[in-house]
Structure formats: C-alpha cells, structure tokens
Amino acid sequence: MPFGPSVVSMALATRTDRRPSMTRTLWDSSVGKKTIMAVSGLVMLGYLVAHMVGNLKIFFGPGEFDRYAHWLRTMGEPVLHYSWGLWLVRVVLVAAVVLHGVSAYQLSRRDIKARPTKYVHKRARTSYATRTMRWGGVILALFIVWHILDLTTGTVHSGGFQEGHPYQNVVDTFSTWYGNVIYIVAMLAMGLHVQHGFWSAAQTLGVGNATRDRVLKTLANLLAAVLTAGFVSVPVAVMTGLVS
Amino acid sequence: MKLTLRVWRQQNAETPGAMATYEVDRISQDMSFLEMLDTLNEELILAGDEPVAFDHDCREGICGACSLVINGDAHGPERTTTCQLHMRSFQDGDTIDIEPWRASAFPVVKDLVVDRSAFDRIIQAGGYVSAPTGTAPDAHATPVPKPDADFAFEHAECIGCGACVAACPNGSAMLFTSAKVNHLNVLPQGAPERETRVLDMVATMDDEGFGGCTLTGECATACPKGIPLPSIAAMNKEWLRATRKVRR
C-alpha cells in the first residue's frame, strides 16, 4: 500500500487510512502467504513424522499394527467419542493441505508473472530440490488422493479391502508392482520437498540466520532422509518378504 | 582480444527486441566491460549505426547504475559490478551474451536499459528515517551497539542495482527490500518507523509486481555487495513482528 502522490514532494506524508487486520495483512502479502505456507507445511511435516513412526509398527507383526490402527480411533476416549480424535486430525490436515496448496498456487502465479521474459543465455540455476518444489507438490497432492482411496476408503485397493485389517491391506498394496512404484516415487518426491521446504519455512518464519544456517540445513537433510527411509522401508520389507 | 558479442537490441518498450551479433577486435584485457562496450559503440557510430544503449554512471562500483546480464549472470562472472568487471575474465575468441535485467517490474526502456524506478517507490514507502539526526559529529550522541552497527552497515552496502531481481527466477526484490529494511530497523534512529517501514516497503514491493521468495539463493550469489541470503529471513522476522505490533 504505497503513499499517495504527495510523497514525491513530502516524504513524511501521514497515512489517514486504517491498517488492515492481521489476517488480511497475512493473506494479501507475499511474505504473509509464505508464512501460511510455512506453518501449514510444518503441520503436515509433524504429521508425517508421526505417520512414519506409526508405520514402523508393521515390523512387530499384524497383531500390534492392527491394534495400533484401532487405537488411532479410540485415542482421546473417554473425553472424545469413538474416532473423533482421528477426525480432528483429519480436519486439521485438510485445512493445512488446502491453505498450503492455495497459497502455493497464488504465489507461483505471482512469480511467473514477475518474470515473463526468459534469458536467452540459459544456465543451470538452483538445486534439484528447489526446482522441483512446484511439480513435486503436485505429485504429492495426487499421491495423497490415491493413498486415501487405496488404504483408507479401499476404493482403488487391489484385492479385497478389509476394514480394520490394515496390516493385510498394506501387504496387498505392496504386492503389486504399481503400488510399489507409485509409493516409492512419491516418497522420494516427499523427501526432496521436505529438504527444501523445512529450511525455507525456517527462513520464512525468521528463524534462520547466518550462525544457525548449518544447523537448519543439517536438520532439513536429516528429516528428509529419515522420513524417506522410514516410509520406503515398508514396501521394501513387503517386497523382500520380511513383512507378509 | 577478438570477441563475438550477442547483444539484446530493442528500440523501445513497445517494439519487440532480439539478439544482434557484433564482432569486436583489439580489446585489451585491462579494459573494463563497459570500456569494451564503449569501443563497440564507437565503431557502431563510425559505421553510421545506432550505439547500444546501456546504463552506467560512476564506473567505480558504488552507484549501482550499471546493469547487464552477461552470459546469464547478473554483472557477469565475477562478484562485482559490470563496471568493475575486466576483460581478463574472458578468453580471446569468446562469444559473450549481453542481456538486460529481466523482470516485469523492470520494463526495458531501450536495448540494455531498464526502468528501475520501482526500487525508488519501495524506498519512498519507508526507506528513510524521520528522526532528525543532526550533523556528522552528532552521530556519536546516540550509542549504537557494535554488532548492530555492523549489521546495519552490512545492509547499507546495497547500491540498489537490481542484480538480485535479475538473478531471481521469480523476479523477486526480497534481497533489496530486506537490505533497506534491516539497515534502518536495527538502528535507534530507525526505531520510530520500525513497524510501518517493513509493512509498507513489502506492500509496495508486492504492488510493483515483483515475485515472491522461494529461497533459491540466486540473489545473494549475484549481489555485487555481498548482501547475504539470511537478510531475507531477518526481514521476514521484522515483518511478522510488525503485523502483531503495528498500531491499527
């Protein structure tokens, strides 16, 4: 919001309009929208860590894995009704995904408009993780749709989907070649996205500075590596027969 | 040295431009890049052609007027301004591509000259202090902690050339704006406008059509004055603080 034309003759022109609310300021500014992306991204990252750790219970056998899945529906009882806790998590996640996606779309539109003419002399710019943020994000969004239809609703599940028997459902999915391919490709995309995303979120939220930079970059690499390895270990275990 | 130059030629903002090829000979390694272009222009004038328009002023690396993308790099292969780039950075027989800054907020005026007045409007939105600071000896009357003074000086080095915008794949002016905001916001003289400065300068930056930051780091790599990438994080911190603290 620039000052009026009077600014040319007098730098100390006083604003008379009221400043918009904090929410309005956040949503209208490119810096604010990046903040929304950073916070929603960190919410999803927190969920990813919990999800990955939960997935690893598959290595303790069907009994423990299925019991854990059942607990996800009874957590918070008796304060919460059956599966309310899980739905609460889902509502927060949907909100985070929508805010993240809408902000990313609007910011990308702005970025592309700001640089309409490309340089004739091309050279490699930026790291692979940085360059693939946008399309990587689209791949992840499509993956989430498939993942939910496959293992939550069972709509596109291979073989008979059994509600309440997630261990068997997971084994079924990773017994197909396409199930493994889709999942592993998506998890590699997730790792790249987290690597640049986590560090970027720190910068956007103003946590980054010269002395903390190495710590933040190491943490980003570590998170990306651990998450990717943790998630990919499940299809690999099914493929090698460790989990069956 | 004998060189082949491919230069962006564009009559004005309305007409489309294109790369034109020129040969220049007898270029000394000790010439600056701009002196090399002067040589080309003298030859063009002698041949009755129109000289290549490019921005330049002090030619000692402090004014921020020169602005060329040389072989895809803002200010060329060395970390300095184009006027301080010397032909010894190139080899005899090289082909050199010379293009203007590319950003919708920096429209081409002619050939290699772009309109950078969007930067002036960002400065007008808050890149000043309203507190009377007196004459030079009065500067000592307001104590500034040494780390703050160093931080301010590091950002005061920005000459507003626009290389950060030219290098950014999003045409973002975040590094420029952060340099100006950080320079004044850390100092006691800048305190009265601490919140309004960052909010208004960022809002003007958005209004001028600059892109957003995706932390690619291209800006800080191109900056001839070495404004560091964490400056952007520092400004983000100031901006977030200001959204909470500003009087509404």
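Reader: Which residues of H3(B) meet H5(B)?

Author: This is a predicted model. In it, B:Phe151, B:Ala152, B:His155 and B:Ala156 of H3(B) meet B:Ala179, B:Asn182 and B:His183 of H5(B). By class, that contact has four nonpolar, three polar and no charged residues.

Reader: At what angle do the axes of H3 and H5 of chain B cross?

Author: The axes of helix H3 (residues 146-156) and helix H5 (residues 174-185) of chain B cross at roughly 150° and come within 8 Å. An angle over 145 degrees counts as roughly antiparallel, and H3(B) and H5(B) are therefore roughly antiparallel to each other.

Reader: Is the crossing of H3(B) and H5(B) left-handed or right-handed?

Author: H3(B) passes H5(B) in a left-handed crossing.

Reader: Next topic: into which domains is chain B divided?

Author: Chain B is divided into domain 1 (3-110) and domain 2 (117-245). Their C-alpha centres lie 29 Å apart.

Reader: And how many residues of each domain are in contact?

Author: In chain B, 18 residues of domain 1 are in contact with 15 residues of domain 2. The domain 1 side of that contact divides into eight nonpolar, seven polar and three charged residues.

Note on methods: Residues numbered from 1 in each chain as written. Chains lettered and ligands numbered in written order. Predicted model: local features only at pLDDT ≥ 70, side-chain atom pairs only at ≥ 80, totals over all residues. Domains from an automatic or database assignment. Contact = placed C-beta atoms within 7 Å. Nonpolar A, V, L, I, M, F, W, Y, C, P; charged D, E, K, R; others polar. Axes fitted to C-alpha atoms, helices over the stretch in contact; angles between N-to-C directions. Helix = DSSP H or I, 4+ residues; strand = E, 2+ residues; numbered from the N terminus. Parallel < 35°, antiparallel > 145°, perpendicular 65-115°, else oblique. Left-handed = near helix turned anticlockwise from the far one by under 90°.
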